[in-house]
Amino acid sequence: MEQSRFKRTFLIVMDSVGIGEAPDADKFGDKGAHTLGHIAEHMNGLQVPNLEKLGLGNIDPTMKGIEKTENPLAHFAKLPELSNGKDTMTGHWEIMGLHIQEPFQTFPEGFPDELIDQLTEKWGRDILGNKAASGTEIISELGEEHMNTGKLIVYTSADSVLQIAAHEDIVPIEELYEICETAREMTREGKYMLGRIIARPFTGKPGAFERTANRHDYALKPFGRTVMNELQDGGFDSIALGKISDIFDGEGVTKAIRTKSNMDGMDKLVQSMEEDFTGLNFLNLVDFDALYGHRRDPKGYGEALQEFDLRLPEVLNKLEDDDLLIITADHGNDPVHHGTDHTREYVPLLVYHNGIKKGKELNIGNTFADIGATIAENYNVKKPEIGKSFLSQL
């Protein structure tokens, strides 16, 4: 194992925190989208002083309340997405070096009767819903009927996803997981191939239902080898925090740690910084997307960003001299944009280590995979077919 320039790499994906329309945004119906910019405008100035010090305002100085700094602590850039899609799996897989050319199939009008009939026959339970919906809203709408009948609540979203909600007192967790595993096997390929099946258990009474932390995602396996596979096979650690392991279906993961929320994710990250390892620690912070972007809640989104910003000093203070911190996103989800869909945007890139005297704008390529290429080069493992490493610029 050759000596790496950086021993530990901490990669934080702020799920859906886009930074302005991508060059091809019009093809996705996302002309004018700007997740961070519109949140900052709605908040009458977004207060994220630590991200500002790192250089967030240097990436785009038009965001209200986020100033450009003369001496950014981090190197910075914004990355465009090369793959044909704007969903979570496509974004994360591209970060780790995969080019997804065929977008995952979505079902905005609900799932076809043929698929539903096949699923209900296998499950032995009928369904309610079968439409695109917010998870909290559909549980509020159909939760009581579900409790009275035992029928499963099935819904989708803007993603390539089939979600199954059930009350933990009506459908035991293990049964719900088995139901999801059955659905996963039936939608792994062919005309109904879906990116993810998601178990969405909840508790409580009508009018006061709450989703629990027992969510579980059943994703497709990546269509090719990722940088995480190369790290694992090279004898390095590839630690997955939050839903990272689910997104990659465990591929290239040496250790998986579940999280309950953004703040729990930050707690787990800070705890993991106490550990001695060599390789990647990869965290997804899903609340930005799930709780605020899809629900079109710019105020809640802005407050969540400010909460995240307050945790950054803990992370920066724990970084060793041979540690690398990368902060980015996987797509946009502009909370003032029409609909509840993700938005095709650039993602911010902030790259920090203790040896930076003054951050500069990175010369990057045309894909999120620049991140994966950089990590691969650092650990001297096989680089992905796409992506341009910026390691030499650090």
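I began at the end of helix H5: Gly 124 follows H5 and has a positive phi, near 75°. The model is predicted, so I kept in mind that local features need pLDDT of at least 70 and side-chain atom pairs pLDDT 80 or more, while totals for chains, interfaces and linings use all residues. Residues are numbered from 1 along each chain as its sequence is written, and side-chain values use heavy atoms, without hydrogens and water. Helices (H or I, at least four residues) and strands (E, at least two) are DSSP runs, numbered from the N terminus.

Within H5 (residues 113–123), I found Leu 115, Ile 116, Leu 119, Thr 120 and Trp 123 buried, where buried means under 20% relative accessible area and exposed over 50%, with partly exposed in between (1.4 Å probe, protein chains only). Seen down the axis of H5, these buried residues fall within an arc of 125°, so they line one face of the helix; the arc is that of the directions from the helix axis to the C-beta atoms. On the other side of H5, I noted Asp 113, Glu 121 and Lys 122 as exposed.

I then turned to the record: UniProt, in an unreviewed entry, places the feature "binding site" at Asp 15, Asp 330 and His 331, in the numbering used here, with feature names shortened and annotations that may be inferred rather than shown by experiment. Although these positions spread over 317 residues of sequence, they cluster in space, with a largest C-alpha distance of 7.2 Å. Asp 330 counts as buried because its relative accessibility is 0%.
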